[in-house]
Amino acid sequence: MNARPQPPELSRRQLLAAGGALIVSFSLTGRSEADETGATPSPAKEAALPGSLAKTPVLDAWIRVDGDGRVTAFTGKAELGQGMRTAVIQLAAEQLAVAPESIELVTADTALTPDEGFTAGSHSMQDSGTAVFNAAGQVRWLLMQAAATRFALPVDQLTARDGFVHAPDGRSFGYGALSAGLSLHVSAEPATGLGDPKSYRIIGKSLPRVDIPAKLTGGAAYVQDMRLPGMLHARVVRQPSPGARLRSVDAGAIERLPGVVKVVRDGDYLVVVAEREWQAVKAWRALSAAAEWSENAELPEQASLHATLQALPARDIEVLTWTATAGAAVKRLQARFTKPYLMHGSIGPSCALAQFSDDGVTVWTHTQGVYPQRGALAELLRLPPEKVRCIHVQGSGCYGHNGADDVAADAALIARAMPGRPIRVQWMREQENTAEPFGPAMVTEVSAALDVEGNIVDWEYGVWSNTHNMRPTKGGMFLQNAALPEPLPVPPPEPIPMPEGGGDRNSNPLYAFPNAHVVYHFVPTMPLRISAMRSLGAYHNIFTIESFMDELAEAAGADPVPFRLRHMKDARARDVIEAAADRFGWSKLPLAERGRGRGFAFARYKNLGAYCAIALDLTVEHETGRVQIGRVVAAVDSGQPINPDGIRNQIEGAIVQSASWTLYEQVSFDRRHITSADWSGYPILRFPAAPLSVDVHVLDRPGQPFLGTGEAGQGPTAAAIANALRQATGVRLRNLPLSRERVKAAVGV
Amino acid sequence: MITLTINGQQHDVDAEPDTPLLYVLREDLQMNGAKFGCGLGQCGACTVMLDGKAVFSCVIPISLLPGREIKTIEGLGTAAVPGVVQQAFIDEQAAQCGYCIAGMVMRAQALLEHNPSPTEEQIRDEMTPNLCRCGTHMRILRAVRRAAQTMKRVAL
């Protein structure tokens, strides 16, 4: 596939020279100290460099200008469908004062781009966007200084515009000519003039997404669309349950099927390779039927899943303790909330290509982290990492750690068995649904006390959850590891520490309570295979906190919006809450009638990222329990907005996706198998149930740091729905999903 | 050898007769628009038009298709000159990851060809077979309404 012209290769030596010294000084601090992107905290002396420049400070790792004046920007983050590619181009174009369409952007590739860990946790703008923005600003400054020397004029008399530096007398030099004598292989400086944020011309504009036209016209846009010369198609017969042993398989008949090139068996890992894709599918079906397995897996009882989770051994992690004098408690409420396992549910099942040669293996992958994947694949393949190149090519939206990494391991393992031939592996729907690592099930218990004036004086909160991060940073973490004859050790699960957190993400309320105590009961044992899913624990913790805030408001006889404001000191949070309430017309609406309700909720994602408040109304059909969301209004503060329509698109998506999670979704299983194997077993929201309208208001915050937005709306949406349901039905639902059956049972018609 | 009529052109295809149309489009004809999503007719990522109706190309064997008119998103327009529905999706920025979008466009195209003035309820009902996981539904609905408006203007 000719997805993009390849820029001149940045030499590995350059990149190593760029980051090497720093990496040596603070690497290997262990998984437990890394955040969700895999980044380790910078030591204080490096903290002055913003975003990912702290780890990769050399300018030409981010921005290169060639002799023709062409600008290439580099990011270690990946386009996942979130619009990152467009936003990063805008940032580089703004600082270099060139047209966005003139910038070539190279994304995550272990041979070309900086190591920015995983594209996760809504970090792309704050890490990579910030690095590109600052690097581009410094490159422009260097180009202007070079021009100043040539013009023999002070630099402050010059302007950069459209790829040229102009002198007041009309002379100008192109970036290409200026770059000839200029080394960008220099370290970034901590402070640079980035211009007045109010004067920005490219960021803050809703530049249309650069990737959309190809996706609408049949262009090659995804790893699924790659076709390499001599490519073969492979399918894997997966272990039907964890730990299943392949007792026997008669592959002879399958090897004689039309187009079949090879059946590969390695321990309990069973594969068929064929010339054509449909031949591979048919052979896979036959091979699946021929395989005889011994199974002994024991999954928990789904009906009592949450009690099982709470009964497992837990490591208690203190999240926060606040103590202060407060009014005497006159009323105490308590409640328990649960969340099932959720599926990422990409519309396109995972896919990867790989090719082995004497130089090693190249893998085309929709992973969220090419560098961690390279390291883990190298371990799995018993190769040195420099023999593995991972190139990100976009896949279907992933929403976290889905099958992307495991299918890349499939492609690499099979390519090793078929050296020289490119191998394409495409998971089938039922494989995606049963083998992807799910978003963890969770339990929360909360109690709080009100004083006589209806203020919250005490808050006690516990959350039970597995880790939310089993991304393959080690070879033993791939799905295939358990099927191979000599499995690698599997590292124990670790919690992601606060301030970002994993299961405890957003368990720390942003509200000001005089007394509070929050504990994360970290459960190491994982009854089902799980990992990171969009917003991690924040979805359930915000669902809990914001549902319970409404319960407390009701107990205090207060309206939910003023009740929240009364407990909120953060000025930006207050602005967002007020903006959503005003635009919704919260105070003007009449009180609910039977079957109709409105709900409000707020959170600042991770208490570090974007602020998001949501107001919505809905109707409930009492006879069936069917919920129809009506009008949704959201207000969001993402710092200085780079692409306001991109932010709106992300928040709209978060609202609709979360509505689907909240109203319909749960992974189903019996005592041995995952049973929600297709879209009939795992229904998600379809068009008739989409909200009647969604209006997202983006606050303008010139000069404020970029804040991650992609996961800000999910938690508030869930709670706003539950709060509206309470008003519409008189019943408080605390167990997700708030399904038609549960609504109907609660309403009791 | 089976002869298929796709976007007005005849293609002789050397594939097994039970091969679903989707695999022939993607592998034999190297067309990217129709996507593999489930292979079960549940998600609509593979939607194309057959004799003017939206169908799941992942479950229709090519042996049933000689003599019938197949239309794919490649037949609607190009990135340089997009068709009306494609342009409406661009104007509304109606995609996130975009994997479902070609299927959405084809189902909308089929709808608007037989019902140029659909109500909101008809649009939602008609689009029901197609799944989007990014939650782009509001923009997709806007794009379909916009395409209907444009078609009306063009027709006048």
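**Working through the model**

Reply: A:Arg382 lies in the loop of chain A that runs between helix H9 (370-381) and strand E16 (388-392). Please keep in mind throughout that this is a predicted model.

Me: What about phi of A:Ala152?

Reply: Phi of A:Ala152 is near 55 degrees, which is again a positive value in a residue other than glycine. A:Ala152 sits in the loop between helix H3 (124-151) and strand E4 (159-161) of chain A, and it counts as exposed, with 7 C-beta neighbours inside 10 Å.

Me: Switching to peptide bonds, which residue is joined to A:Pro499 by a cis peptide bond, and where is that proline?

Reply: The cis bond joins A:Met498 to A:Pro499, with omega at about 20 degrees, and A:Pro499 belongs to the loop between strand E19 (456-465) and strand E20 (516-522) of chain A. A cis peptide bond also joins A:Leu736 and A:Pro737, where omega is about -5 degrees; A:Pro737 is placed in the loop between helix H16 (714-729) and helix H17 (740-747) of chain A.

Me: You mentioned E19 and E20 of chain A, so what is the strand order in their sheet?

Reply: The order is E12-E20-E19-E18-E13 in chain A, an open sheet of five strands with mixed pairing. Strand E12 (315-322) and strand E13 (331-339) stand at the edges with a single partner strand each, so one side of each has no neighbour in the sheet. On average, and with direction ignored, neighbouring strands of this sheet are turned by 10 degrees against each other.

Me: How does E13(A) pair with E18 of chain A?

Reply: E13(A) and strand E18 (residues 442-450) pair in the antiparallel sense, over nine bridges. In E18(A), A:Thr444 is the bridge partner of A:Phe337.

Me: Now the domains of chain A: what does the assignment give?

Reply: The domain assignment gives domain 1 (12-214), domain 2 (223-295 + 344-435) and domain 3 (442-468 + 503-747). The C-alpha centres of domain 1 and domain 2 of chain A lie 36 Å apart, and the contact between these two takes 15 residues from domain 1 and 13 residues from domain 2. On the domain 1 side, the residues divide into six nonpolar, six polar and three charged.

Me: And which domains are assigned in chain B?

Reply: Chain B is given domain 1 (2-75) and domain 2 (84-155), whose C-alpha centres lie 21 Å apart. Here 14 residues of domain 1 are in contact with 14 residues of domain 2. Strand E3 (47-50) and strand E4 (53-56) of chain B are the elements that give two or more residues to the domain 1 side, and E3(B) has the largest share, three residues.

Me: How do E3(B) and E4(B) pair?

Reply: They pair in the antiparallel sense over four bridges, and B:Ala54 in E4(B) is the bridge partner of B:Met49. E3(B) and E4(B) form a hairpin with two residues between them, and B:Asp51 in the turn has a positive phi of about 50 degrees.

Me: How many residues of each chain are in contact across the two chains?

Reply: There are 50 residues of chain B in contact with 48 residues of chain A. On the chain B side, H5(B) gives the most, with four residues, and that side as a whole divides into 25 nonpolar, 17 polar and eight charged residues.

Me: Where is A:Ala654, and is it buried or exposed?

Reply: A:Ala654 is found in helix H15 (residues 644-664) of chain A, and it is buried, with 30 other C-beta atoms within 10 Å. Beyond its neighbours within four places in sequence, A:Ala654 is in contact with A:Ala712, A:Gly713, A:Gln714, A:Thr717 and B:Gly135.

Me: Last one: which residues of H4(B) are buried?

Reply: The buried residues of H4(B) are B:Ile123, B:Glu126 and B:Met127. Seen down the axis of H4(B), they fall within an arc of 90 degrees, so they line one face of the helix, and they pack against H3 and H5 of chain B.

Conventions: Residues are numbered from 1 along each chain as its sequence is written. Chains are lettered from A and ligands numbered from 1 in the order in which they are written. This is a predicted model: local features need pLDDT of at least 70, side-chain atom pairs count only at pLDDT 80 or more; totals for chains, interfaces and linings use all residues. A residue is buried if 20 or more other C-beta atoms lie within 10 Å of its own, exposed if 12 or fewer, and partly exposed in between; C-beta atoms are placed from the backbone. Two residues are in contact if their C-beta atoms, placed from the backbone, lie within 7 Å. Domain bounds come from an automatic or database domain assignment. Two strands pair if DSSP finds at least two bridges between them. Axes are lines fitted to C-alpha atoms, for helices over the stretch in contact, and angles run from 0 to 180 degrees between N-to-C directions. Ala, Val, Leu, Ile, Met, Phe, Trp, Tyr, Cys and Pro count as nonpolar, Asp, Glu, Lys and Arg as charged, and the others, Gly among them, as polar. The arc is that of the directions from the helix axis to the C-beta atoms.
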